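Thanks for coming, everyone. I'd like to walk you through one model today, so let me put it up on the screen.

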Amino acid sequence: MSRLPWKTGVLAAFAALSLTACTGNGTEGAPPEATGQVPVIAPGRPGEPAKTLSSMPPLAERPPGDADFRYVSMMIPHHRQALEMTALVPERAQHQDVRGLAARIDSAQAPEIQAMSAYLQRNKKPVPEAHGGHGDAAMPGMASFADMVRLKNSRGADFDKLFVRLMIAHHEGAVKMANDVLATGHDIFVEEMAQDVIATQTAEIKRMREMRF
């Protein structure tokens, strides 16, 4: 894809916001387009000019809500389980396509966990513990304890088939969570995270369904 990953967009946007904050009162009295605020205009009576009632911050500066924090807090352990699954691949997988898929998932989701953890910390929210927090029912697509035991105990072609089946369900759960937050959240950074999850994991689901062992 030609667009930049959401991680880059988040860092750049936060840098811009920090720079604005450091300028202090330098924008007092400046027009709305200079301050980045969007005026709310009320039309006047016939023959009277319109009035500016108030202003609202641009989208990037609107505070995140509960849905945004809930999504990030759930997606961190969701990603962690995906990495637990990919960590089993080197010693158990037989098919090279499975090895390649696992490497891509690992290289993408490990940095995403770091970025999402930093997002929560910036907003003074707790980062989920490595093995605590939400149960399977709260996070669609999570493999059960029994599934993970079966995966750890399998080898070769049996491992490949089970890994792909579990990872498809895992990705489908992540896509559902991303679509849910797009409908209920309003933080632009979380929206970018969710859109990236949908694009990346939908493409990986397609590749996994096309695998032949």
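Some housekeeping. This is a predicted model, where local features need pLDDT of at least 70 and side-chain atom pairs count only at pLDDT 80 or more, while totals for chains, interfaces and linings use all residues. Residues are numbered from 1 along each chain as its sequence is written, and side-chain values use heavy atoms, with hydrogens and water left out.

Okay, the layout. The protein has 8 helices and 2 strands. Those are DSSP runs numbered from the N terminus, with helices being H or I of at least four residues and strands being E of at least two. Going along the sequence, you read α-α-β-β-α-α-α-α-α-α. There are 213 residues, and 36% of them count as buried. Buried here is under 20% relative accessible area, exposed is over 50%, and partly exposed is in between, with a 1.4 Å probe and protein chains only. Now contacts, meaning heavy atoms within 4.5 Å: among those between residues at least 6 apart in sequence, 74% join residues at least 24 apart.

So what sits in the middle? The largest nonpolar core has 46 residues. By nonpolar core I mean a set of buried Ala, Val, Leu, Ile, Met, Phe, Trp, Tyr and Cys residues joined through side-chain atoms within 4.5 Å. Tyr71, Val72, Tyr119, Leu151 and Phe163 have the most contacts inside this core. Helices H3, H5, H6, H7 and H8 each put in at least two residues, and H7 gives the largest share, with 12.

Let's look at H3, residues 66–86. How many of its 21 residues are buried? It's 18, so H3 is largely enclosed by the rest of the structure. From first C-alpha to last, H3 reaches 31 Å, close to the 30 Å expected at 1.5 Å a residue; that expected span is 1.5 Å times one less than the number of residues. Val72, leaving out residues up to four places away in sequence, touches Met116, Tyr119, Leu120, Val190 and Met193.

Asp68 is also in H3, and Asp68 counts as buried because its relative accessibility is 1%. Its side chain reaches the backbone nitrogen of His186 at 3.3 Å. For a polar contact we ask for a pair of N or O atoms within 3.5 Å; within protein, one must be able to donate a hydrogen and the other to accept it, and residues adjacent in sequence count only if both atoms are side-chain atoms. Asp68 and Val181 are 113 residues apart along the chain, yet their C-alpha atoms are separated by 6.7 Å.

On to H8, residues 188–210. At its start, a side-chain oxygen of Asp187 comes to within 2.9 Å of the backbone nitrogen of Phe189. Buried residues in H8 include Phe189, Val190, Met193 and Asp196.

Last stop, H7, residues 156–184. Val98, Leu101, Ala102, Ile105 and Gln109 in H5 meet Asp160, Phe163, Val164, Met167 and His171 in H7. Beyond residues up to four places away in sequence, His170 touches residues including His78, Gln81, Pro140 and Met142.

That's the tour, and I'm happy to go back to any part of it.
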